[in-house]
Amino acid sequence: MAEGERPFYHRFAWAYDLLVDDPVEPWLRAVEAALPGPRATVLDAGCGTGRHAVALAVRGHVVTGVDASRELLDVAGDRARRAAVAVHLVRADLRTLDLAATADAVACRGVLNDLLEDRDRAAVLGALARHVRQGGALVLDVRDHDATARRYGAGTGSRRSVDVESGRLTFAWRGRFDRRTGRLAVDEEHRLREGDAEEVVRHAFAMRCWSPQELRDRLDAAGFTAVALRPATGRRGADRIVATARRPG
Ligand SMILES: C[S@@+](CC[C@H](N)C(=O)[O-])C[C@H]1O[C@@H](n2cnc3c(N)ncnc32)[C@H](O)[C@@H]1O
């Protein structure tokens, strides 16, 4: 694991779906509502373990999944094989994505909070815009700044243990919102117990949340129109914004 890599996306990618098992249907509904019909083309930007990409392919859509993590893409590939569907999986950084193809819709869920710098936010939204066909849609989900500040102002944590093939894995998560930087400071811990042996991996990082105004401004700057925002519920509460936008036809 390279220094700075989030263990959740790399060393413990194999356990991602054991720890994140919230239903995929709400997001599938949001994406499908933006599609022109059956057998649409969808680019899942930041597809992770392919939870949504594979489900969309099972529903008959033609799906490409892009992610920066080789380990998560391996999990996505296994998932597609088990479901007996084809999903084109590409390892790439969304900031510089250039697939030379466009889709009816680009879906991007839970990814953009990982981008801390303004230039990276602008680069990713520009890249996503280049991959939506004219008249096509972008559907994305981010953490809402104010709702996250309310929820994590004093610091909030959670812990989950799951049985795994070799023993027991405990995952602990703690978030605290820093009003000065507008960032959510996160401490994560994976603790894998196998017989008498225990591996503990800790990681501290930050997420940067989005205000509705920033989202509108950046979508506008990337050339999107018909922007619609709505509040949504994430894994840890009602602290998300789902945005849909169109690329002019
Ligand atoms: C919280 S996960 C969400 C995964 C998936 N969309 C889901 O809802 O299950 C965030 C994903 O974004 C990916 N990611 C973050 N920054 C990225 C970047 N710059 N380029 C490509 N992938 C990125 C991570 O590797 C990870 O798979």
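In which strand is Arg183 found? Arg183 is found in strand S8, where a strand is a DSSP run of E with at least two residues and a helix a run of H or I with at least four, both numbered from the N terminus. The model is predicted, so to speak of local features a pLDDT of at least 70 is needed, side-chain atom pairs count only at pLDDT 80 or more, and totals for chains, interfaces and linings use all residues. Residues are numbered from 1 along each chain as its sequence is written, and side-chain values use heavy atoms, with hydrogens and water left out.

Let us begin with the sheet around this residue. Four strands form an open sheet in the order S6-S7-S8-S9, with antiparallel pairing; two strands pair if DSSP finds at least two bridges between them. Strand S6 (156–164) and strand S9 (197–208) stand at the edges with a single partner strand each, so one side of each is left without a neighbour in the sheet. From one strand to the next, the twist averages 15 degrees; angles run from 0 to 180 degrees between N-to-C directions, and axes are lines fitted to C-alpha atoms, for helices over the stretch in contact.

The pairings can be followed strand by strand. A hairpin joins S6 to S7 through two residues, and these strands pair in the antiparallel sense over nine bridges. Thr156 stands opposite Gly175 in S7. Strand S7 (residues 167–178) pairs with strand S8 (residues 183–194) in the antiparallel sense over 11 bridges. Arg176 has Ala185 in S8 as its bridge partner. Helix H6 (residues 145–152) packs on the sheet and touches S6, S7 and S8, contact meaning heavy atoms within 4.5 Å. The direction of H6 makes about 110 degrees with that of S7.

Now back to Arg183. Is this residue buried, partly exposed or exposed? Arg183 has a relative accessible area of 26% and is therefore partly exposed, a class between buried (under 20%) and exposed (over 50%), using a 1.4 Å probe and protein chains only. Not counting residues up to four places away in sequence, Arg183 touches several residues, including Leu116, Glu117, Arg176 and Arg208. The C-alpha atoms of Arg183 and Trp210 are separated by 9.6 Å, although these residues lie 27 residues apart along the chain.
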